[in-house]
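This report describes selected features of one structure, shown below.

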Amino acid sequence: MAFTLSPVTPVARDTFHALWQQLEAHHQQIKSLHLREFFSKDGERFHKFFRSFEEIGVDFCKNHLTPETLSLLTRLAQAAGLEEARRMLFQGEAINWTEKTAALHTALRQETTTEILVNGHNVMPEIVAARQQLQAFSQRVQSGTLKGARGEKITTMVHIGIGGSYLGPKLLVEALAPYALDSAPQIRFISNMDGDDFVQATKDLNPHTTLFILASKSFATLETTLNGRTAWQWLAQAMDDPHEIARHFLAVTANRQAALHFGIPGEAIFPGWRWLNGRYSWPSAISLPVIAMIGYDAFAQVLAGAHAMDQHFLNAPLTDNLPVLLAMISVWYTNFFHMPTHLVLPYSHLLRSFPDYYQQCEMESNGKTARRDNTPSPVATGQIIWGQAGTNGQHSFYQLLHQGSHAFTADFIAVLQPGHTLHHHHQELLANCFAQSEALMVGRTPEEVRQKLLARGVSPKEVETLLPQRLFPGNHPSNTLLLDRLTPYNLGALLSLYEMKTFVMGVVWGINSFDQWGVELGKELARGIGQHQESLLAGNPLDSQTCHPATAGLLHHWAKRHPVKD
C-alpha cells in the first residue's frame with residue numbers, strides 16, 4: 001500500500017510502510033479472537049494493559065491487543081515522525097501548514113516564561129500580559145466591583161460564542177460547578193443563531209445586571225455577531241445612552257479593530273491569537289465565564305493540570321505515553337478493524353458535555369482526507385465521535401450497542417471519589433460503568449442464556465424460543481479512564497490528554513489537525529442564499545444561474561409561508 005508519511009518530517013517511508021504491513025498481517029492473526037479469549041489466555045492482562053499518570057488511570061485491557069500489537073503501533077507512530085511533529089507543535093513552528101501558523105495552545109498553560117518564537121516574535125510576554133488581565137478581571141468579579149453602567153453589580157454573564165468558543169467554556173463551567181465561588185455570577189450560554197436560543201437565555205434577566213461576552217477569534221463568526229447585535233438591541237430597550245450599552249459587553253478576539261468597531265471599549269477586549277484554534281482555545285480568555293465562576297487561582301490549576309499532561313506527552317516513553325496509546329489504539333481500530341465509530345461515555349453528570357467537546361476536537365481536527373502532498377489518504381481518517389453521560393445513555397442507545405449489528409469502540413470515563421456525600425448514588429454509578437464495559441466485552445453466549453433461563457424455571461421449549469432474543473455477542477472493545485477526583489487540575493489533564501491524542505492521530509495519517517476548511521463551504525453558500533431570500537421578499541425572481549434548482553424549490557416554499565421580513 002502506498003502511504004505518504006507524516007507531513008512534518010521526511011522519515012524513511014519504507015520503515016513506515018513495512019510496519020503498516022506487519023500490522024495488517026498481525027491483524028489477520030488476531031481479528032477472529034473474541035475478547036474473552038484474550039483473558040482466558042492471560043489472567044494478568046489487566047495489569048499489563050493499565051497505565052497511569054498522577055491521578056488518572058487508563059485501562060485498555062478490553063481491546064484486541066497483545067504486547068506485540070502495542071510495540072508495532074508505537075513504532076508506527078515513531079516512524080510517522082511523531083517526535084519531530086511534537087517538537088514543532090510545542091516550539092511554535094508553522095505546523096498548521098495550510099494557514100502557515102503555529103498551534104500554540106500549549107503555550108497558554110506553560111508554567112515558565114521561556115521564550116517561544118512565532119515567526120521570530122516571542123509570544124510569551126503577550127501571554128503573560130493576558131494572564132494578568134484575566135487575574136484583574138477575576139478580582140473585580142470576586143470583590144463585587146464589576147458593575148453595570150448604572151452602578152449595579154453584575155449578577156449574570158451571558159457568553160456568546162459557537163464551536164470551540166462555546167463548547168470548551170460550557171464544559172468547564174459544568175464540570176467545575178462544585179468549585180463556584182459565593183461571589184460568582186450566574187453563567188448562561190448562547191451559541192445558536194436560532195432566535196429561540198437568545199430568547200430563552202435572556203427572558204428573565206435584568207439588563208442592568210447582565211454582562212455579555214462575545215467570543216470570536218475573527219469577530220466575524222455569523223452566529224456570534226448576529227447574537228451580539230441582538231444583545232445590543234436587547235440592552236438598548238432598557239438604556240438610552242449607547243455608552244451605557246457598551247459597558248455591558250466584553251469581547252475575546254484576535255480582531256481587536258472589529259470589536260472596537262462593534263462598540264466595545266478597548267479595556268473590555270481580551271486577546272486571542274491567530275495561532276490559537278477555537279477548539280483548543282479554552283486555556284485563553286475564552287474561559288472568562290469559568291474564571292468568573294471559580295476565580296483565576298482555580299482556573300490556574302486547570303492550566304497546571306493541562307501543562308502536566310503536556311509534559312507527560314512530551315517526555316514519557318511512547319509505550320507508557322497515555323495520549324500516544326489512546327491514539328494508536330484508535331488508529332488500530334479505525335484502519336485495521338474498520339471501526340470508524342467511537343463513543344465517549346462519561347459516568348459523571350459534571351462531565352455530561354465532554355462528548356460534545358471532544359466530538360468537535362476530534363472531528364473538526366481530523367475529519368479530512370487531503371494530506372500534506374495534496375494526495376487523498378488511502379486509508380480512513382478521523383472517527384465519528386458521539387456519546388452521552390451514563391447512566392442516561394443506558395436507557396437510550398445502549399440497546400443498539402449490546403445487540404445491534406454495528407461495530408464501534410468506546411471510552412468510559414469515571415470519577416472514583418465524588419465531590420458530594422451521596423456515596424450510595426456514586427457506588428451504584430460506578431457499578432453500572434464497570435458493568436457496561438464488561439458486558440460490551442464478554443456478552444452472553446447461548447449456553448449462558450440457556451442456563452439462566454432454566455434456573456428461573458423457564459421450560460426447555462420456551463428457552464429455545466427466547467434464546468435468540470437474549471443473546472449478546474460482546475467482543476466490543478473499550479477503554480476505561482479513571483480520575484481519582486474531578487478537580488480543576490485533573491480536568492485540565494484530561495483535556496490535554498484528548499487534545500494530544502487527536503494530534504497524534506493526525507500525525508500518523510499525515511493530515512493537518514489545525515485547519516477546518518470543511519466548515520467554510522456551507523457558510524459561503526448561506527451568504528448567497530441569504531441574497532436570494534432578500535430578492536424573493538422584494539418580489540424579484542430568483543437568478544437561475546446562481547441559485548441551484550434544488551435550493552430554489554426550498555426558497556419558493558419558504559417565501560410563500562414567511563413573506564414578511566423580521
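**A loop serine**

Ser287 lies in the loop between strand 9 (269-271) and helix 12 (288-294). Helices (H or I, at least four residues) and strands (E, at least two) are DSSP runs, numbered from the N terminus. Ser287 counts as buried because its relative accessibility is 0%; buried means under 20% relative accessible area, exposed over 50% and partly exposed in between (1.4 Å probe, protein chains only). Apart from neighbours within four places in sequence, Ser287 is in contact (heavy atoms within 4.5 Å) with Leu172, Trp282 and Phe299.

**Basis of the model**

The model is predicted: local features need pLDDT of at least 70, side-chain atom pairs count only at pLDDT 80 or more, and totals for chains, interfaces and linings use all residues. Residues are numbered from 1 along each chain as its sequence is written, and side-chain values use heavy atoms, with hydrogens and water left out.

Six strands form an open sheet of mixed pairing, in the order 1-2-13-12-10-11; two strands pair if DSSP finds at least two bridges between them. Strand 1 (50-53) and strand 11 (384-386) stand at the edges with a single partner strand each, so one side of each is left without a neighbour in the sheet.

Strand 10 (residues 341-347) pairs with strand 12 (residues 409-417) in the parallel sense over six bridges. Within this pairing, Pro346 has Ile413 of strand 12 as its bridge partner.

**Helix 9**

Buried residues of helix 9 include Glu223, Asn227, Gly228 and Trp234.
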